[in-house]
Amino acid sequence: MSAGVPVSAMSSYAILGCGSVGHAVAEELVDQGRDVLIIDRDADRVETLRDQDLNAQVGDIREEEVAAVAADRDIVLILSSDVEANEAAVRNIREHDGTQFVVARASDPVTGDELAAVGADTVINPSAVIADSALRALESGELEHKASQLADVIEATGSRMGILTPDNPDPDSIASAVALRAIAAHLDVEADILYLGEVGHQENRAFVNLLDVEMIAVDREAENPLSGYDTVALVDGSLLSSGLDLSVDVLIDHHDVDVGDAISFVDVRPQMTSTSTILTKYVQEFDVSVNETVATALLYGIRAETLDFKRDTTPADLTAAAYLYPFANHDTLEQVESPSMSPETLDVLAEAIQNREVQGSHLVSNAGFVRDREAVEQAAQHLLNLEGITTTAVFGIAEDTIYLAARSKDIRLNIGRVLSDAFTDIGETVGHSTQASVEIPLGLFTGIEASEERLLELTEEAVRRKLFDAMGVESENGS
């Protein structure tokens, strides 16, 4: 088989078998100024091709003489609809001259393997190419249609639009909100980015501060916390996670979330790794002028959600990142990714290290009472660096909720499914195969007259037992 020559360096082509596919390829190559020879056994077809000023000859591609006629060509494209004839042509060319680059047409994967076995460098299946082209056209058309719908909802805003991020927003949700606000501005609509809880993780705080992202805290206790907005969008979060009884007009997310019937615009894509990737597509579709803040935010949102392209990364993520890369501020990204550790995080990490229980390569730890739930997430991530550990789960109590964060680098274990199996009946779980979290109301424990120490013991016993059971290992305290 030919070692191959760079296609860009090749200038002469032979097309053997010139049906509709071969004709289309020949016209394209001639339009590019290439030297093309066409060989086909149908004399009438050859005459028609000559009338179109194409270099065409009559010949049966099964015959050895055809290989000799095409011997001076750098690339040979064998595009007949007769796969047996194509296979014979490949054999003849390889027996005559083994240095040409050969492209052959197959009808299915089996015939493709057969053509490759006899010497074809590249095998194409027109049906697969057409299907791929149709899917790309469908995706492009669907995005255009969805963008039109989204524009209708945003432009219907009377005074101001509110873009709500989920409780304790992460980089993906913040970046998505920044992009949606840019789209709204492009449509001459003013919008505010809103958040619940707090921006707790030091990386997230650095992200917001360095990019100067203006965010407004929502008062959960207010009777109608979003009364100042006649259009409300929710990005990267479900209505359940907001904890508020809201009327939402726009929902964009990459999680499989509950969708209300009254929402005017919904774009939920569980097959996507990040909501930032979805918003990047909309930024491109609306032809928004991408400034440094929007590009840096979206690129960081994608990188954070994919663990810098090491987790569940899709071609769409890479394409979006490549588009954003030239516009982003990479010095800012480096600063965001290397923030100092807060005293609260250090305390939680120390507590988690002290209270860890390890069974095999699984580590579970109780961080005690915490003020910053993001510190629990960071502790789970840091403990994953311990030697011999492939899975971590750290939990802590804040007010009336148990916050549990888990991380895993064990490809045999889907940590999101583990948490769902363990706590779906008592808590709300979100996450992926390598990263997940759950919020569990203290529930029964809040009704017990007990000291904080006793309350911690009771929750620790229940959480550890459920976790180790779901992981398939036995706790030191029994299961």
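Colleague: Let's start with F265. Is F265 buried or exposed?

Modeller: Keep in mind that this is a predicted model. The general idea is a cut-off: a residue counts as buried when its relative accessible area is under 20%. F265 has a relative accessible area of 1%, so F265 is buried.

Colleague: Okay, and where does F265 lie?

Modeller: You'll find F265 in strand β12, which covers residues 265–268.

Colleague: Which residues does F265 touch, if I skip those up to four places away in sequence?

Modeller: There's a list: K146, Q149, L150, V153, D249, V250, L251, I252 and Y282.

Colleague: Let's move on to helices. How do I read the packing of α6 and α10?

Modeller: Two packed helices are described by the angle between their axes and the distance between the axes. Here, α6 (residues 126–155) packs with α10 (residues 275–285) at about 80°, and the axes are 10 Å apart. Angles of 65 to 115 degrees count as roughly perpendicular, so α6 is roughly perpendicular to α10.

Colleague: Which residues make that contact?

Modeller: On the α6 side, look for E139, L143, E144, K146, A147 and L150; on the α10 side, K281, Y282 and E285. Sorted by class, the contact of α6 with α10 has 5 charged residues, 4 nonpolar ones and no polar ones.

Colleague: Now for cavities. How many cavities of 30 Å³ or more does the count come to?

Modeller: The idea is a space where a 1.4 Å probe fits but cannot get out. By that rule, the count here is 1 cavity of 30 Å³ or more. The largest cavity holds about 50 Å³ of space.

Colleague: What lines the largest cavity?

Modeller: Its lining is made up of R373, V376, E377, Y403, L404, A405, S437, V438 and E439. Two or more of the lining residues come from each of these elements: α15 (373–383), β16 (401–408) and β18 (435–441). By class, that lining has 5 nonpolar, 3 charged and 1 polar.

Colleague: E377 is on that list. Where is E377 placed, and is E377 buried or exposed?

Modeller: E377 is in helix α15. Its relative accessible area is 15%, so E377 is buried. Beyond its neighbours within four places in sequence, E377 is in contact with A405, R407 and S437. Of those, A405 and S437 also line the largest cavity.

Note on methods. Residues are numbered from 1 along each chain as its sequence is written. This is a predicted model: local features need pLDDT of at least 70, side-chain atom pairs count only at pLDDT 80 or more; totals for chains, interfaces and linings use all residues. Side-chain values use heavy atoms; hydrogens and water are left out. On a 1 Å grid over the protein atoms alone, a cavity is a set of points where a 1.4 Å probe fits but cannot get out, and a pocket is an open set with protein on both sides within 12 Å along at least five of seven lines; lining residues have an atom within 4 Å of a point. Grid points are joined across faces, edges and corners, and a volume is the space filled by probe spheres set on the points. Helices (H or I, at least four residues) and strands (E, at least two) are DSSP runs, numbered from the N terminus. Ala, Val, Leu, Ile, Met, Phe, Trp, Tyr, Cys and Pro count as nonpolar, Asp, Glu, Lys and Arg as charged, and the others, Gly among them, as polar. Axes are lines fitted to C-alpha atoms, for helices over the stretch in contact, and angles run from 0 to 180 degrees between N-to-C directions. Angles under 35 degrees count as roughly parallel, over 145 as roughly antiparallel, 65 to 115 as roughly perpendicular and the rest as oblique. Contact means heavy atoms within 4.5 Å. Buried means under 20% relative accessible area, exposed over 50%, partly exposed in between (1.4 Å probe, protein chains only).
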